[in-house]
Amino acid sequence: MFSREQVAKVASLARLHLTEEETGRMSHDLGAILEYVDQLNEVDTSGIEPLAHCLPIQNIFREDEVRPSLPVDEALANAPKRSGDFYSVPPILD
Amino acid sequence: MSLIDKTAAELLRHLAAGDVTSEQVTKAYCDRIEAQDSRVQAFLHFDPRRALEQAAAVDAKRRAGHKLGKLAGLPVAVKDVLCTRGERTSCGSKILQDFLPPYDAHVISRLRDEDAVLLGRVNMDEFAMGSSTENSAYAKTRNPWDLERIPGGSSGGSAAAVAASMAPLSIGTDTGGSVRQPAGYCGVVGMKPTYGRVSRYGLVAFASSLDQIGPMAWTVEDAAILLEVLAGHDPRDATCASREVPEYSKTVRTPIEGLKIGIVPEFFGSGLDPQVESAVKSAIDVLKKQGAKIVEVALPRAKYAIATYYIVATAEASSNLARYDGVHYGWRSLEFSDMVDMYSRTRGEGFGAEVKRRIMLGTFVLSAGYRDAYYVKALQVRRLIKEDFDRAFEKVDVIAGPVAPTPAFKLGEKVDDPLAMYLSDIYTVSTNLAGNPGISVPCGFTKSGLPIGLHLQAGSFGEETLLRVGHMLQSHTDWHERRPALQEN
């Protein structure tokens with residue numbers, strides 16, 4: 001079960017605008033999927049370390065050397081809205 | 001025999017010998033695309049003029065006696081999820097419909113360095129999320145063996161391009177089976193390397209701990225040639241391995257003495273199409289006749305792989321797709337009230353239904369109060385799934401089974417049932433969860449002429465083993481020599 005209220009809450013976290021119809025379908029679909037994944041509770045995982053990454057490597061760093069990076073114009077070339085050397089966005093603070 | 005019926009290996013030999021020019025080879029494929037792609041719909045972006053320009057440039061290099069790369073003059077189709085500088089990279093999504101990356105993905109640089117011809121960009125499920133390529137915002141790619149059926153997904157365009165002889169080689173990506181499953185459905189070879197074998201720099205991310213780029217071709221030898229080019233360390237991908245790249249293209253032809261093949265009895269249970277079962281078992285028999293021994297192995301937690309995958313992959317996707325917010329690139333909604341509304345409307349308008357579903361699921365399983373019960377739990381089960389594989393690979397060299405439970409299904413058949421669609425990945429997702437390599441090799445056809453794929457998986461960095469076993473199968477079968485009966489215009 002995944003209620004419409006839960007859908008709305010998660011959609012807000014995900015910054016995803018859903019129509020009424022999408023909300024209804026999402027409630028149904030997510031409910032079914034979550035019911036399916038509940039079977040993981042059958043597995044005894046006590047003391048098991050979560051596995052987030054399969055390759056046994058850690059802390060891959062490089063030397064802090066300046067390297068060429070994208071010129072500003074190339075970096076901004078896909079900007080939906082640009083203002084000088086800035087991405088233009090709606091105000092963040094009132 | 002026409003140029004488009006030859007393997008990549010054969011074409012490379014002919015090009016090197018001067019029997020044929022890259023322009024001739026590339027033109028043959030361009031002509032084929034023009035003749036067939038209106039029906040198959042594999043290509044999203046195809047510009048024959050640009051392809052032929054690249055081909056001409058390689059021909060000029062060859063005539064001038066310059067040193068040439070390993071793929072010199074050979075056309076390759078690329079899944080539209082790999083950033084290619086100055087070329088539309090849409091990931092099958094409206095949200096990136098006009099996106100022109102300012103840089104090349106590592107594998108694209110590798111193709112250029114080895115003088116390949118970038119033939120065109122092929123269709124995919126949106127952001128690589130799907131098992132049928134029906135989730136593309138742009139086109140519905142058809143299976144060349146039956147145009148009413150799906151080619152598989154998410155690398156459906158990559159598989160169909162090769163299967164319809166529109167490209168000798170293609171590149172796909174595999175997060176839960178998205179190279180291997182379409183390869184199986186389309187009767188071609190498709191391989192997912194070990195996690196970290198190929199750099200993900202420039203691969204538009206779906207699930208960062210699962211995604212891998214892989215080759216698709218008619219033959220295992222061709223896949224080996226392409227993998228050798230793609231693989232290797234790249235300092236720009238912090239998750240990629242430093243290991244040396246073996247000479248896959250050379251070792252592929254050496255059979256494995258004393259090969260031990262693991263069979264998991266549960267893989268052959270109910271839900272498996274009897275014709276698929278029969279073809280897969282026959283393929284295993286072909287390997288037995290070459291001296292392989294069959295050993296029963298257990299993967300007790302494999303049955304939880306789909307549930308585990310759909311928590312882990314969607315969680316990672318929800319994070320990776322947060323960047324599509326209308327700020328730096330891609331679609332921005334035209335009407336909104338404030339910044340947060342801009343994000344929400346942009347994403348609501350730009351993403352398709354499956355992508356939204358997965359973002360929602362992923363966001364939920366990571367959210368406060370649910371993270372431990374879902375996400376952490378899934379990662380724990382993931383470790384157990386990997387340990388099951390590690391134990392099995394102590395006893396066997398490869399595990400063999402079907403790549404999908406059925407042959408290619410019809411367009412529209414599963415679009416309304418997301419869970420049924422997810423279950424078609426049942427044999428492939430565990431490979432990604434464990435970070436292991438896997439390959440699909442053609443092993444037969446159904447009575448109605450639909451391809452069936454054999455799935456082989458090996459332990460970490462077992463690519464050479466997989467390629468050699470795949471070649472052992474192909475050198476004693478001719479499934480890979482059949483071609484779909486596409487009507488000429």
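Colleague: Which residues form one aromatic cluster in chain B?
Modeller: In this predicted model, local features need pLDDT of at least 70, side-chain atom pairs count only at pLDDT 80 or more, and totals for chains, interfaces and linings use all residues. Residues are numbered from 1 along each chain as its sequence is written, chains are lettered from A and ligands numbered from 1 in the order in which they are written, and side-chain values use heavy atoms, with hydrogens and water left out. Rings of Phe, Tyr and Trp (its six-membered ring) pair if their centres lie within 6.5 Å, and planes under 30 degrees apart count as stacked, over 60 as edge-to-face and the rest as tilted. The residues that form one aromatic cluster are B:F99, B:F127, B:Y324, B:Y329 and B:F351.

Colleague: How many aromatic pairs does the structure hold over all chains, and what is the angle between the planes of B:W145 and B:F445?
Modeller: Over all chains, the structure holds 18 aromatic pairs. One partner, B:W145, sits in the loop between strand 3 (117-122) and helix 5 (156-163) of chain B, while B:F445 belongs to strand 10 (residues 438-445), 300 residues apart, where helices (H or I, at least four residues) and strands (E, at least two) are DSSP runs numbered from the N terminus. The pair is tilted, with 4.9 Å centre to centre and an angle between the planes of 55°.

Colleague: Is B:T7 buried or exposed?
Modeller: B:T7 is found in the segment before helix 1 (8-17) of chain B, and beyond its neighbours within four places in sequence it is in contact (heavy atoms within 4.5 Å) with B:T219 and B:D222. Buried means under 20% relative accessible area, exposed over 50%, and partly exposed in between (1.4 Å probe, protein chains only). Because its relative accessibility is 17%, B:T7 counts as buried.

Colleague: What area is buried between chain A and chain B?
Modeller: The contact takes 50 residues from chain A and 66 residues from chain B. Buried area is the accessible area (1.4 Å probe) that two parts lose on being put together, summed over both. Carbon and sulfur atoms give 69% of the area buried between chain A and chain B, which is about 5,100 Å².

Colleague: How many salt bridges does the rule find across the interface of chain A and chain B?
Modeller: A salt bridge is a side-chain nitrogen of Lys or Arg within 4 Å of a carboxyl oxygen of Asp or Glu. The side chains of B:R85 and A:E74 meet in such a bridge at 3.5 Å, N to O. Across the interface of chain A and chain B, the number of salt bridges found is three.
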